[in-house]
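Hello,

Here is the structure I promised to pass on to you. Please have a look at it first, and then read my notes below.

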Amino acid sequence: MTPADLSRAVLCAVRSAVDGGELMVAVPERVVVERPGPGGAGEWASNVALRLAREAGRPPREVAEVLRNRLVAAPGVADVEVTGPGFLNVTLAGDSIGALVDRIADEGEAYGSGDALREAVPVAVPDGSELRARVVAEAAGRLVRAQGGSVRGGGAAPVPAGAGRDEAVLGADGSRWALLHPAPHDLPHGAEVLEQRARNPLFRVRYAYARSRGLVAGGAALGIVPGAGPVTGEAARVLTGLLGEQPAVLVAAARKGAPDRLARQLVTLADAFFDFHDSCDVLPRGGEKPGAAHRARLALAEAAGTVLAGGLSLLGISAPDHL
């Protein structure tokens with residue numbers, strides 16, 4: 001179960017409680033799940049009970065208990081605990097990391113695509129002569145279509161190769177990143193996008209992908225086939241959480257027409273990949289024999305690379321296997 005799946009499960013619990021007459025509230029459009037804060041428990045948490053308490057005319061913990069009783073029966077949920085003033089803390093059933101890795105392997109670079117915007121009002125993508133607006137519009141249109149949405153008027157015309165004076169210097173990928181990664185109120189990047197060093201976010205993202213592919217190739221040379229399974233450690237938990245959040249990130253970026261959100265998420269994901277990579281031996285060292293732990297770590301590393309490549313593709317940026 002991904003965070004997006006859990007969000008829908010919590011929303012279903014709210015709707016069920018309203019339909020059953022236990023809560024008298026308007027069902028929200030969406031529910032956010034996050035990592036538990038201090039004093040929390042489980043793997044994911046939601047403050048939906050606190051949000052609904054005033055409208056329900058009941059204490060938040062009472063609302064949380066109503067929702068807990070329904071959510072705990074949802075498929076994929078092992079336990080739900082109410083903490084603090086009324087937070088729902090959820091523990092997922094089974095091997096949640098393995099299930100997520102399997103899903104990413106099945107869906108490939110399309111992981112996170114869906115139909116969240118299928119019934120939404122068509123998103124207007126402005127068409128203009130200013131290069132940055134056109135590049136952002138093109139990427140935004142790609143994000144919207146990946147979520148089943150439509151773009152009014154067909155979206156901005158494709159940006160022709162060689163457009164803009166910076167592309168001759170930065171290259172097609174570098175110039176797109178220079179325009180898409182900064183927030184709209186920030187200036188585009190410059191020649192720093194060409195730096196082959198850790199302080200360059202584009203390099204980190206593409207190198208993380210290339211490193212993941214290198215690990216898979218190295219595993220193949222040792223006869224190790226990636227296989228989903230339990231992976232321990234804080235770095236693995238953080239990486240898995242970010243992979244699970246990717247569908248929600250893509251939907252939010254599409255709704256807001258904000259490819260910069262995806263670009264920054266890819267940087268965060270790349271950094272989490274390197275933390276995971278440095279925290280454990282993904283592949284055996286020396287005379288160590290390959291085992292289930294190596295197969296599971298390799299599968300998680302491969303999943304991270306797949307998501308990075310998919311995100312770069314939505315931005316119109318290539319993901320080379322070697323840098």
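In α1, the buried residues are Pro3, Ala4, Leu6, Ser7, Ala9, Val10, Leu11, Ala13, Val14 and Ala17. Buried here means under 20% relative accessible area, while exposed means over 50% and partly exposed is in between (1.4 Å probe, protein chains only). Before going further, please keep in mind that this is a predicted model, where local features need pLDDT of at least 70 and side-chain atom pairs count only at pLDDT 80 or more, while totals for chains, interfaces and linings use all residues. Residues are numbered from 1 along each chain as its sequence is written, and side-chain values use heavy atoms, with hydrogens and water left out.

What do the buried residues of α1 pack against? Their partners are the strands β1 (44–46), β2 (77–83) and β3 (87–92), together with the helices α2 (48–56), α3 (60–71) and α8 (234–256). Helices (H or I, at least four residues) and strands (E, at least two) are DSSP runs, numbered from the N terminus.

The length of α1 works out well too: its 17 residues (residues 3–19) should span 24 Å at 1.5 Å a residue, and the end C-alpha atoms are 24 Å apart, which agrees. The expected span is 1.5 Å times one less than the number of residues. Just after α1 comes Gly21, with a positive phi of about 80°.

Gly171 sits in helix α6 (residues 167–180). Its relative accessibility is 25%, so Gly171 counts as partly exposed. From Gly171 to Leu194 there are 23 residues in sequence and 8.8 Å in space, C-alpha to C-alpha.

Leu131 belongs to helix α5 (residues 131–146). Leu131 also counts as partly exposed, because its relative accessibility is 25%. Leu131 and Gly84 are 47 residues apart in sequence, and their C-alpha atoms are 50 Å apart in space.

**The chain as a whole**

The secondary structure comes to 10 helices and 5 strands. Of the 323 residues in the chain, 46% are buried. Along its principal axes, the C-alpha trace spans about 65 × 60 × 30 Å.

Enjoy exploring the model!

Best wishes

Note on methods:
Contact = heavy atoms within 4.5 Å.
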